[in-house]
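Try each task before reading its solution.

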Amino acid sequence: MNALPQASTPLSSPMPAPARKSVLQDVEQTRLAIEMIAQGARLQVLESEVALPRVRLIRLYKELCGVSPPKGMLPFPIDWFVTWRPNAHASLLLCAYRFIVAQGQVDGIHAMLSSYRLYREYVSQADEELLISFTRAWTLVRFYERGMLELARCRTCGGQYLVHAHDPRRRHVCGLCEPPARAGKTRKAPMQAVQHIPHAR
Ligand SMILES: [Zn+2]
């Protein structure tokens with residue numbers, strides 16, 4: 001098939017560019033929505049990231065999950081990300097996100113999806129509980145991108161961990177190096193994984 005239509009053969013002309021583009025975009029956005037739903041994205045996250053009408057997103061959600069999407073957005077307080085165990089998971093996830101963005105292959109929601117898959121893989125290999133849902137991970141990246149959370153280097157192990165932005169503590173010690181007494185026998189695998197991601201140190 002000729003890429004360039006001939007003026008003398010109008011019947012063989014390809015479809016007008018805008019219409020073709022819109023179909024392709026539609027397929028791409030549908031694929032994105034399916035992937036996000038499979039990871040557990042809530043409707044509000046889908047609406048923010050996917051350029052499809054809300055009714056279609058709801059229909060897609062129902063078809064894939066067999067139920068209607070839950071209403072409302074779960075409140076995810078920023079403080080949760082800096083508490084002991086969540087901090088290890090969130091730092092791991094964010095380091096993966098930064099690594100993927102730094103590689104320059106993908107960005108935005110696609111980098112988020114890739115880092116979330118990576119996070120799930122790490123957690124499953126470490127036989128850990130999956131502490132961060134996809135929607136919570138999405139919130140985490142937004143907090144980070146808005147400058148509300150930042151990474152601080154642990155003065156003991158050199159790994160980078162999430163802290164509140166503009167935290168007055170200049171010399172941070174991470175939860176792996178100084179676990180709280182209540183941490184008990186908590187496994188350290190996710191925190192150690194943070195140190196194994198390139199660019200995380
Ligand atoms: Zn440390």
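**Exercise 1.** In the hairpin of E1 and E2, find which residue takes a positive phi.

*Solution.* Start with the strands, which are DSSP runs of E with at least two residues, numbered from the N terminus. E1 covers residues 149-153 and pairs with E2 in the antiparallel sense over five bridges; pairing requires at least two DSSP bridges between the strands. One of the partners in E2 is Gln-160, bridged to Arg-153. Next, look at the six residues between the strands: Gly-158 has the positive phi, near 85 degrees. This is a predicted model, where local features need pLDDT of at least 70, side-chain atom pairs count only at pLDDT 80 or more, and totals for chains, interfaces and linings use all residues. Residues are numbered from 1 along each chain as its sequence is written, and side-chain values use heavy atoms, leaving out hydrogens and water.

**Exercise 2.** Name the protein donors of the zinc ion and explain why their arrangement is tetrahedral.

*Solution.* First, list the donors (N, O and S atoms within 2.8 Å of the metal, or 3.2 Å for Na, K and Ca; water is not among the atoms, so sites may look incomplete). They are the SG atoms of Cys-154, Cys-157, Cys-174 and Cys-177, at 2.2 to 2.3 Å from the zinc ion. Then check the angles: they run from 103 to 115 degrees, so the arrangement is tetrahedral, a label that requires all angles of four donors to lie between 85 and 135 degrees. Finally, read the spacing along the chain, C-x2-C-x16-C-x2-C.

How values were computed:
Helices (H or I, at least four residues) and strands (E, at least two) are DSSP runs, numbered from the N terminus. Four donors count as tetrahedral if all angles lie between 85 and 135 degrees; four count as square planar and six as octahedral if opposite donors are over 155 degrees apart and all others between 65 and 115; anything else is irregular.
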